[in-house]
Amino acid sequence: MSEGLVWLNGEILDFASAKVSVEDRGFQFGDGVYEVVRVYQGKPFALKEHLERLQRSAREIELPLPLSLADLAAAAEDLIARAGIAEAELYIQLTRGAARRNHLFPSDTPPTLVMTVRQVRLIPPELREQGIRALTVPDERWARCDIKSICLLPNVLAKERAHRAGAFEALFVREGVVTEGTSSNVFAWTGEELVTPVADHRILSGITRSFVLRLAQQHGYRTVERDLPLAELKSAREVIIAGTVTELLAVIAIDGEPVGEGTPGPIFRQLYAAYRNMIAERVR
């Protein structure tokens, strides 16, 4: 099986050979943006949507893409084909490039564009079947979480804290309102509607999030995007998290307290089945 491949500024390399300058602004400042795309049966899922979001994130930090979206998509698809990994993750990272350390933007410095393809980190089947536990943490991130920035230290610390507490995911809470997970969006089924936090500057508008909302509407569920108080989340009948690699997972406990009956519920099972069917249709 292939160990994966790297596309670095147009050159295809293995992971051991790919090198980025120590003066790259991604390393020095976290000055960059990224995307993660799930590959199913050798085909990238929702690549167009991910690249459009990459373009938006780059625009918000005043960083022009070095390739058109069409050329970027072609390069990504070629790298996936060369790697030959059927179930994979495509990672795309764009930084402001390598220059002597200075807070000001460098002039005439080309950006650094990296893409990698490697085996996907599959969710253990028992977590899908039995559900996962979540821990709430204060949301101490910056005020532009709608930008998919590579500055992820708060997410890393929160994820590690959750792991040490025996939980799978950490859910951020800001002034009593749930925003999102460290790498997921969150949904609460109240018994009457599926609620998810509004996609403003406080959260990243997830690609999977948009699919979940669309599928829920197609199955006749009322969906609402609004502030989600922590108390309401904990009293929900079902809680679901969603992300590119995570797909959908049922949250069965938050801060040690059971959600609903403490098992994955029928809304989760229906939406997850619909999500997998949609993927099968799109990657045929």
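**Sheet, helix and cysteines**

Helix 2, spanning residues 47–60, lies across strand 3, strand 4 and strand 5, and runs at about 175° to strand 3. The model behind this picture is a predicted one.

The strands under discussion belong to an open sheet of 6 strands, ordered 2-1-6-5-3-4 and paired in the antiparallel sense. At the edges sit strand 2 (11–13) and strand 4 (43–44), each of which pairs on one side only. As for what holds such an arrangement together, strands of a sheet pair through backbone hydrogen bonds, and they can do so either parallel or antiparallel. Strand 4, then, is both an edge strand and one of the strands that helix 2 lies across.

Strand 3 (residues 32–40) and strand 5 (residues 88–95) sit next to each other in the strand order, and their antiparallel pairing runs over 8 bridges.

Turning to the cysteines, a search of the whole structure comes up with 0 disulfides. C145 is in no disulfide, and the nearest cysteine sulfur, that of C151, is 11 Å away. C151 is likewise in no disulfide, its nearest cysteine sulfur being that of C145, 11 Å away. Since a disulfide calls for two cysteine sulfur atoms within 2.5 Å, that spacing rules the pair out.

How values were computed:
Residues numbered from 1 in each chain as written. Predicted model: local features only at pLDDT ≥ 70, side-chain atom pairs only at ≥ 80, totals over all residues. Heavy atoms only, no water. Pairing = 2+ DSSP bridges. Helix = DSSP H or I, 4+ residues; strand = E, 2+ residues; numbered from the N terminus. Contact = heavy atoms within 4.5 Å. Axes fitted to C-alpha atoms, helices over the stretch in contact; angles between N-to-C directions.
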